[in-house]
Amino acid sequence: MKEYNIVVLKGDGIGPEIVDEALKVLDAAGDKYGFKFNYDYRLMGGCAIDATGEPLPQETVDACKVADCVFLGAVGGPKWDTLPGKQRPEAGLLGIRGALGLYANLRPAKIFEPLKSASPIKDSIIGDGLDIMIVRELTGGIYFGERGRREVDGSPAAYDTEMYSVPEIERIARTAFNMAMKRNKKLTSVDKANVLESSRLWRETVIRISAEFPEVELNHMYVDNCAMQLVRNPGQFDVIVTSNIFGDILSDEASMISGSIGMLASASLADGKMGLYEPIHGSAPDIAGQQKANPLATILSAAMMLQYSFDEKDAAKSIEDAVNEALTKARTPDIYEEGFNKVTTSEMGDLVVSLLK
Ligand code: NAD
Ligand code: IPM
Ligand code: MN
């Protein structure tokens with residue numbers, strides 16, 4: 001039997017609750033399609049700070065490097081919010097993305113048919129549906145640039161630096177063009193080239209790389225306009241490629257069109273098969289430990305893992321189908337609508353497992 005070795009980072013807040021459901025679903029998919037997962041549980045984030053004093057222990061990095069891939073819940077929470085930047089849980093997440101070279105973050109924003117009525121966006125705007133792939137650059141830009149504090153005119157000041165090199169832009173552009181080739185051959189590059197020099201280099205580079213992909217229709221959009229267009233006419237987008245910070249913000253916005261941030265999965269990829277899979281949302285401290293979290297984004301991240309790291313396309317598709325069917329029967333509080341069964345985190349996981357069988 002095929003065996004896959006996965007490092008599991010449950011993280012903080014709702015992390016452990018949602019990861020438990022996704023692992024149940026993965027095991028059920030393995031039973032059905034004839035493969036097995038070995039889980040190696042490690043610490044990252046606030047839980048790692050509490051246990052070891054640092055957000056990303058070296059042994060976690062070492063374990064991730066030899067695993068087939070990494071599966072993550074979410075990190076962070078108020079308990080660690082007053083720590084200096086490098087010691088925060090979020091630094092652990094940025095650190096593991098950097099250490100594994102995970103420069104390409106795929107965030108598919110799509111609306112499942114049964115959830116159309118749960119979206120805060122009007123039916124007339126959603127139209128035939130929503131199916132956008134946001135390709136977010138993940139190991140560069142302002143999240144990784146130089147930052148610090150200094151004094152300016154006698155007052156304390158702080159700075160962060162947005163910087164992109166040509167090779168960094170080239171590789172994420174190629175990822176996005178290749179993605180567009182597999183989809184509807186339409187790519188929107190989002191920047192702020194009317195103000196930022198780094199965006200002007202981004203745009204020039206994307207245009208140059210477009211020559212390698214003559215079949216893809218490329219357009220450019222300023223990020224402020226894109227934020228508006230996403231709610232005005234989301235159907236105009238197929239693939240969006242953008243920087244680390246713009247992709248972070250736009251993907252949270254796009255998630256809401258799908259009904260809830262609890263629905264959006266992601267894959268963070270390097271060259272090769274290494275990947276880290278996680279929902280796009282955070283540790284949701286406001287609902288942690290209450291069995292209120294929607295586990296579907298995490299379950300859909302498990303499906304992305306099967307697709308992108310293991311090429312188990314049938315198993316991935318069957319998880320997506322089971323999620324779609326579960327949404328016709330039951331809802332967690334974030335996507336609740338009258339007439340549905342209101343379920344807990346683990347009841348939703350159990351339902352997906354039962355529909356998978
Ligand atoms: P968040 O995504 O954790 O929560 C925002 C809102 O969405 C909250 O009201 C929360 O209850 C809700 N929500 C999120 N996921 C949900 C789910 N699965 N089901 C139902 N509701 C859900 O963002 P935040 O509040 O800005 O951040 C909280 C902490 O998480 C911070 O420490 C932040 O740094 C961290 N964070 C971590 C990640 C990650 O680990 N990848 C991502 C984003 C934020
Ligand atoms: C995300 C999160 C992270 C990010 C934080 C927690 C570092 O918001 O994965 O979207 O900004 O990348
Ligand atoms: Mn985010």
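Predicted model: local features only at pLDDT ≥ 70, side-chain atom pairs only at ≥ 80, totals over all residues.
**View 1. Residues around ligand 2.** The shell consists of Glu-90, Arg-97, Arg-107, Arg-136, Tyr-143, Asp-248 and Ile-280. Domain 1 (1–103 + 261–357) and domain 2 (120–257) each supply at least three residues to this shell.

**View 2. Side-chain contacts of ligand 2.** An oxygen atom of ligand 2 lies 2.8 Å from a side-chain N or O atom of Arg-136. For Arg-107, the distance from a ligand 2 oxygen to a side-chain N or O atom is 3.0 Å. For Asp-248, the corresponding distance is 2.9 Å. On its own, ligand 2 has 320 Å² of accessible area, of which the protein covers 79%.

**View 3. The largest pocket.** This pocket holds about 880 Å³ of space. Its lining has 39 residues, with Leu-106, Met-133, Met-179, Gln-307 and Tyr-308 nearest the centre. Elements giving two or more residues to the lining include strand 5 (131–137), helix 6 (166–182) and helix 10 (296–308). Strand 4 gives the most, five residues. By class, the lining comprises 21 nonpolar, seven polar and eleven charged residues.

**View 4. The second largest pocket.** The volume of the second largest pocket is about 520 Å³. It is lined by 18 residues, and Gly-85, Lys-86, Leu-94, Tyr-143 and Arg-147 are the closest to its centre. Helix 4 (89–99), strand 6 (147–152) and strand 7 (155–160) each give two or more residues to the lining, and the largest share, four residues, is from helix 4. The lining of the second largest pocket has eight nonpolar, four polar and six charged residues.

Definitions and conventions. Residues numbered from 1 in each chain as written. Chains lettered and ligands numbered in written order. Heavy atoms only, no water. Near = heavy atom within 4 Å. Polar contact = N/O pair within 3.5 Å; in protein donor to acceptor, adjacent residues only side chain to side chain. Areas by Shrake-Rupley, 256 points an atom, 1.4 Å probe, with all protein chains shown as cover. Domains from an automatic or database assignment. 1 Å grid on protein atoms, 1.4 Å probe; cavity = no way out; pocket = protein on both sides within 12 Å on 5 of 7 lines; lining within 4 Å. Points joined across faces, edges and corners; volume = space filled by probe spheres on them. Nonpolar A, V, L, I, M, F, W, Y, C, P; charged D, E, K, R; others polar.
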